[in-house]
Amino acid sequence: MSRRAMVLAPLLGLAANAVAAPGSLNASSAASAAGASNATAGSTVPLALPEGINFAKIKPVLELIGRNAALAWDYQLVPVPRLLAMVENGWTLGFGAGRSSSRSSRLLFSEEVFISGLWPIARSEVDRDLRSVEDLKDLRVCMVRGLDYGRALEEAKGSLYTAEYVSGDFRTRVRQLMAGRCDVLLANHFNADVRALRQRIADSGGSLERLKVGPSPLGNLAQRFVTARGSSLAALVPVLDQAVRSNRREIGQLLSTEE
């Protein structure tokens, strides 16, 4: 038996014994968690992602990592608070929620898979270039509850700018921006090609005459896998780290290609 198979074979017994609180997991999630109790090389493992993530862009990267880790993914796109609850209860791996010092004390994060930028998308009437966090002064910023935006943006929240929490996929959040729910939407974009972000806005029903993308990201986030410390799923983290390290060039190429 290979070392990878030896690592995976005894994993995830907790899922068979876990009892979900009513409404906390849908039927698909519960089935995935139960199936994970018998995970071996080639197994299907539940993976929760933020509902607003650019899934079409990230899926090839996750599939590449999964193949190299001898895993298949059962994808679940959910609101970030639910993602964190599922992860903390040991029901699933997570990806893309952001690491903070408070989370690191109870959750186990993988090495960074890649770095993404937090790009500001502003309504056309915002009469300034948004080049730094300080440029958000007195603006209303649409953000996703539960997503960690990094120290600079988190510390400025409430004192420099007002956070307006929105939910739903990217299309829904663009629609809320255009409707005036906020002045600026922070979008997690996986490469430096602003044209691709503008195209994503247009494809999501946004008007490029009414919306504008800032000249640069206001912050960067390391995208990582995450699971509960002490859970059986935690044994997958070094396997995933190795798969990422072995495929960094391919991951970069996938992210740099046009959407």
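These questions and answers set features of the predicted model against their definitions.

The model is predicted, so local features need pLDDT of at least 70 and side-chain atom pairs pLDDT 80 or more, while totals for chains, interfaces and linings use all residues. Residues are numbered from 1 along each chain as its sequence is written, and side-chain values use heavy atoms, with hydrogens and water left out.

Q: What share of the protein chain counts as buried?
A: Buried means under 20% relative accessible area, with a 1.4 Å probe and protein chains only. Of the 259 residues, 51% count as buried.

Q: Why is the set that includes Leu 136 and Tyr 149 called a nonpolar core?
A: A nonpolar core is a set of buried Ala, Val, Leu, Ile, Met, Phe, Trp, Tyr and Cys residues joined through side-chain atoms within 4.5 Å. The largest such set has 31 residues; Leu 136, Tyr 149, Leu 153, Val 184 and Leu 186 touch the most other members. Helix α5 (80-88) is one of the elements that each supply at least two residues. The largest share, five residues, comes from α5. Another core, of 27 residues, lies apart and includes Trp 73 and Phe 190.

Q: Which residues does Leu 136 touch beyond four places away in sequence?
A: Contact means heavy atoms within 4.5 Å. Among the partners of Leu 136 are Arg 128, Val 141, Leu 153, Val 184 and Leu 218.

Q: Where is Arg 145, and what does it touch?
A: Arg 145 is in the loop between β6 and α7. Its C-alpha atom is 8.4 Å from that of Pro 79, 66 residues apart along the chain. Not counting residues up to four places away in sequence, Arg 145 touches Val 80, Pro 81, Tyr 165 and Val 166.

Q: What makes a space a cavity, and how many of 30 Å³ or more are found?
A: On a 1 Å grid over the protein atoms alone, a cavity is a set of points where a 1.4 Å probe fits but cannot get out. The search finds one of 30 Å³ or more. The largest cavity has a volume of about 30 Å³.

Q: Which residues line the largest cavity?
A: Lining residues have an atom within 4 Å of a point. They include Gly 96, Arg 99, Phe 109 and Gln 223.

Conventions. Buried < 20%, exposed > 50% of the residue type's maximum accessible area, 1.4 Å probe, protein only. Helix = DSSP H or I, 4+ residues; strand = E, 2+ residues; numbered from the N terminus. 1 Å grid on protein atoms, 1.4 Å probe; cavity = no way out; pocket = protein on both sides within 12 Å on 5 of 7 lines; lining within 4 Å. Points joined across faces, edges and corners; volume = space filled by probe spheres on them.
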